[in-house]
Amino acid sequence: HNPVIIFGYGRFGQIVGRLLQAKRIGTTILDHDPKQINFLKQFGWKVYYGEVLDMHLLEKAGIEHAKMIVIGIDDYEKMAEATRRIKSAYPHIKVLVRAYDTRNALELKKAGADFIERETFASALNTAEAVLRFMGYRAFVAKNLVRKFAAHDQRTMGEAMTRDNVNEDWVSFALESRQHLIEMFEKDRADAEEHQSENWEERKMRP
């Protein structure tokens, strides 16, 4: 009757599991790789073997009583199918998944996933912010640019969800999204320069 089930206990799943363990949140751990299970036993982890598409296994793992399942396997087609099956049989379960890229994230969203994290997205944003800092941008400016980029990316994913044929014309959609982002940043820059100019004029007019 643990509230959380983690399926796939590699690098991704272990980070989630370690944090939950530190907070003493009951977690049931499943994996489909016997070698990984034996490896994890050395560190005191109790991991059960099985396939994520095996609904009988998930029933034995207590999914009926769980609040959420975190899926961190590398087979993204299987992950999408598992998400569909779980949400169909247990609509109350929150399904949290790791996606490979944007297109995979869209597939998982359509499958019913409640939370999706692209595997390199957060680390890439942090690195982009560091690049801006090294280029001479102030800390708050760099952070704000990254925040706006992330928000734009989320809006783009939301728009893609409404398009039935986005997979048929992905390149065109991606180029359109990129142009919107460029225009947004250009407008921000122009607005900032206009604001600075107005402030300068006001200071000149002061006695």
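In the predicted model, helix H6 crosses helix H7 in a right-handed sense. The two helices, spanning residues 121–134 (H6) and 139–161 (H7), pack with their axes 9 Å apart and at an angle of about 145 degrees. On the H6 side, the contact is formed by Phe121, Leu125, Glu129, Leu132 and Arg133. These residues meet Ala139, Ala142, Lys143, Leu145, Val146, Phe149, Ala150 and Asp153 of H7. By residue class, the contact of H6 with H7 comprises nine nonpolar and four charged residues, with no polar ones.

The protein chain as a whole contains eight helices and six strands. Along the sequence, these elements are arranged in the pattern β-α-β-α-β-α-β-α-β-α-β-α-α-α. Of the 207 residues in the protein chain, 33% are buried. The accessible surface of the chain amounts to about 13,500 Å², and carbon and sulfur atoms contribute 54% of this area. Among contacts with a separation of 6 or more, 54% link residues 24 or more positions apart.

Ile6 lies in strand E1, which covers residues 4–7. Ile6 is classed as buried because its relative accessibility is 0%, and the cut-off for buried residues is under 20%. When residues up to four places away in sequence are excluded, Ile6 touches Gly13, Val16, Gly17, Leu20, Thr27, Thr28, Ile29, Leu30 and Val70. The C-alpha atoms of Ile6 and Ile69 are 5.7 Å apart in space, with the two residues separated by 63 positions in sequence.

Conventions
Residues numbered from 1 in each chain as written. Predicted model: local features only at pLDDT ≥ 70, side-chain atom pairs only at ≥ 80, totals over all residues. Heavy atoms only, no water. Helix = DSSP H or I, 4+ residues; strand = E, 2+ residues; numbered from the N terminus. Buried < 20%, exposed > 50% of the residue type's maximum accessible area, 1.4 Å probe, protein only. Contact = heavy atoms within 4.5 Å. Areas by Shrake-Rupley, 256 points an atom, 1.4 Å probe, with all protein chains shown as cover. Axes fitted to C-alpha atoms, helices over the stretch in contact; angles between N-to-C directions. Left-handed = near helix turned anticlockwise from the far one by under 90°. Nonpolar A, V, L, I, M, F, W, Y, C, P; charged D, E, K, R; others polar.
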